[in-house]
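Student: Could we go through the charged pairs and the strand pairing of this protein together, one step at a time?

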Amino acid sequence: MRKSLELFSLGFLLTQSMCLYAADNGLIDDASLSLGSLVVSSDSTGPLTSRNLSTSVDVLNEDRIEDQNVSYTWQLFDQMPGVMLTQFGMGNESGKISFRGFNGEGEVNAVKLLIDGIPSNQNSGNMPYLELLTPLEIESIEVVRGTNDPRYGLHNIAGNAGIFTRQGGNYNKARVTYGSYATRNVQFISGMESNGFSQNYAISYLNSNRYRHHSDIEKSTFSGKWFYTPNDGRAQIGFIARHGKAEADEAGYLTRAEAHDDPEQSRPHNAADGGDRMMNQFSAHLDIDITDNLFWSSKAYLNELDEDRYVTFAAGGNHNERLTEEEHKGALSTLTWRPDVSWAHEFSLMGGLSAEWQNNESRRYLVDLDRNRTSQTRNQNFDFDIYGGFIQAIYKPTEKLKIVPAFRVDTVRGSLNDNGTHREINDYGNINQPKLSAVYSFNEQYAVYTNWGKTFQVASGAASYKQNALSNDLDASINEGWEVGLKFTPTDWLNGRIAVWQQVASGEFKTKLGDANNDSENIGKTQRRGIDFQFNAQASDKLGLWFAASFQDSEIIKAGAKTPLNKGNEIDHVPHYLIDAGVDYQATPKLKLSSWVSAQDDYYLNQENDTNKYGQYVLVNASASYALTEKVRLDVELKNIFDRYYEYVWMNSESMHSPGDGRSIYGSIQYDF
């Protein structure tokens, strides 16, 4: 704890940044905060949004997104409070986001991903569809932490992350970047809007040798959005198409000695490692204002993933080929009613239905160094269908008190063909998830909020299907969580949030990574809890600061039957603190200087807690932006300024290490026309 407090103080003193966000001009009645120049307020018309929830909601706006130099879209979450980045560094399997004490190992994927409102997780809960996006097209990133959001079911265990891209407008923007490791990145976006019809396009291309040997990546994306709004403005219909493909080499994992001796190396046994990935996402959107206080919104979508990956985890280990094909079809529909009533200060009611039909294939082979197949170790195809519905109300009996009750229910169907053997899915029954939130506004400066709710987890892959007809059905793992927080805006230049939270899972499933049968195991009953601090200040017209810290711990409070000695142990790969902070300084009307820091504690590599701890780091970055003209901007970004060694580590027969990038520099030119 002393080390945590020291780093907390160090981060606050050494790193300052700009974060400008504001509440409504009236009473504070939500817990949302925003990084960037957009003023955040609760919507009083139209469908209910995440900012109507009484929970920790954070929004990163486009002015803090478009100038970031990243190889992978998940890296944009680096400045989001309380979000942990797990950086594998393995080609297309490059990394992942997680929060609220869940790790990013892929064993429990606890974050629901939405892209323009479209569910975008693969069956396991992983987030490859993030790479369909390029920073220049993103308007905002929104993270909802907690268990009280009823809008989503599957994978919404600890909360959800939504990415919203530009829609409408008339613009053209091009951005060209060159930097370390022969990184070349080109982005172009265009918007055209006239007579109620809007078109938005985004194209990107990235080619980089990356920090380590044999880790080259080449990827490209395309997206188009077409929306039409009739003259009366009471309806909108649209279609979105996205396509992305990537080819990447994998440098492989090193032993501890190898990683510290030469972190850039790739061992000979990884020479064939790498893979190709292709993704498509298509969605149709319909929004209608039926009356002045009744709003209907519907979406239908198709997600397609086709991936071929070659991987070798350790010298002397097997060379594997992993084929994944997934096709997910789905639909969501919500109806929001905002009546004018005399018996309440405000009342709204929202209900929704959702369905997703998955067709998944997972095949694995043993191969030689020339990628020739020698034997097959997995041949599975499975249907996984999930249906859900929810209802949520917002009731304000007085101007100062808002109460938000909600209820969600989900049910799962499907079957598995496992190398010719047919297996039915576990009958999880109706998975009920009650939720309740409230916020009390003392005045325009302070509000206290609280929430409670249940979310759920079912096993992914083959683990959700019964071994045989006589097998007992498994129960879903129920996550019960609560949060109590204070949102404050004592002056027009300072605001923030402090929250205490806890989440308990009744019987957590953990995917057995690398298991030939695609199976899971039961960890047992788990508990995660923590406290979040967020402070933001516009210290002067030129200087802006922000600071965010999450202190958390995890514990197995009742171990699974096969691992009784794990009771009381920490969950692996869960650091005790995550810290983000920074400063923006507008030195002149044309020159803007920025610096920010990310810090993380170390963690155990397994649930037995019998390994050394790894993963601690403090990384400092800086950037400068100069407006050459009104339309041309030059940017320079320096990452990992002090060239600090950091790494991702996991446990095999010994610890396996993936060193992170060293010091790097990138230059960009952006032209708006």
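Student: With which residue does Glu66 form a salt bridge?

Tutor: Bear in mind that this is a predicted model. A salt bridge here requires a side-chain nitrogen of Lys or Arg within 4 Å of a carboxyl oxygen of Asp or Glu. The closest N and O atoms of the pair in question are 3.6 Å apart, and the partner of Glu66 is Arg633.

Student: How many residues apart are Glu66 and Arg633?

Tutor: Glu66 sits in the loop between β2 (56-61) and β3 (83-86), whereas Arg633 belongs to strand β30 (residues 632-639). The salt bridge therefore meets the 4 Å cut-off while linking distant parts of the chain, 567 residues apart.

Student: Are Arg408 and Asp410 buried or exposed?

Tutor: The side chains of Arg408 and Asp410 meet in a salt bridge, with 2.8 Å from N to O. Buried stands for under 20% relative accessible area, and on that criterion both Arg408 and Asp410 are buried.

Student: Which strands stand at the edges of the open sheet?

Tutor: The open sheet is formed by 6 strands with mixed pairing, in the order β1-β2-β7-β8-β5-β6. An edge strand has a single partner strand, so one side of it is left without a neighbour in the sheet, and this applies to β1 (32-35) and β6 (118-119).

Student: Which residue in β8 is the bridge partner of Val111?

Tutor: Strand β5 (residues 111-115) and strand β8 (residues 159-165) run parallel and are joined by 5 bridges. In β8, the residue that partners Val111 is Gly159.

Conventions
Residues are numbered from 1 along each chain as its sequence is written. This is a predicted model: local features need pLDDT of at least 70, side-chain atom pairs count only at pLDDT 80 or more; totals for chains, interfaces and linings use all residues. Side-chain values use heavy atoms; hydrogens and water are left out. Helices (H or I, at least four residues) and strands (E, at least two) are DSSP runs, numbered from the N terminus. Buried means under 20% relative accessible area, exposed over 50%, partly exposed in between (1.4 Å probe, protein chains only). Two strands pair if DSSP finds at least two bridges between them.
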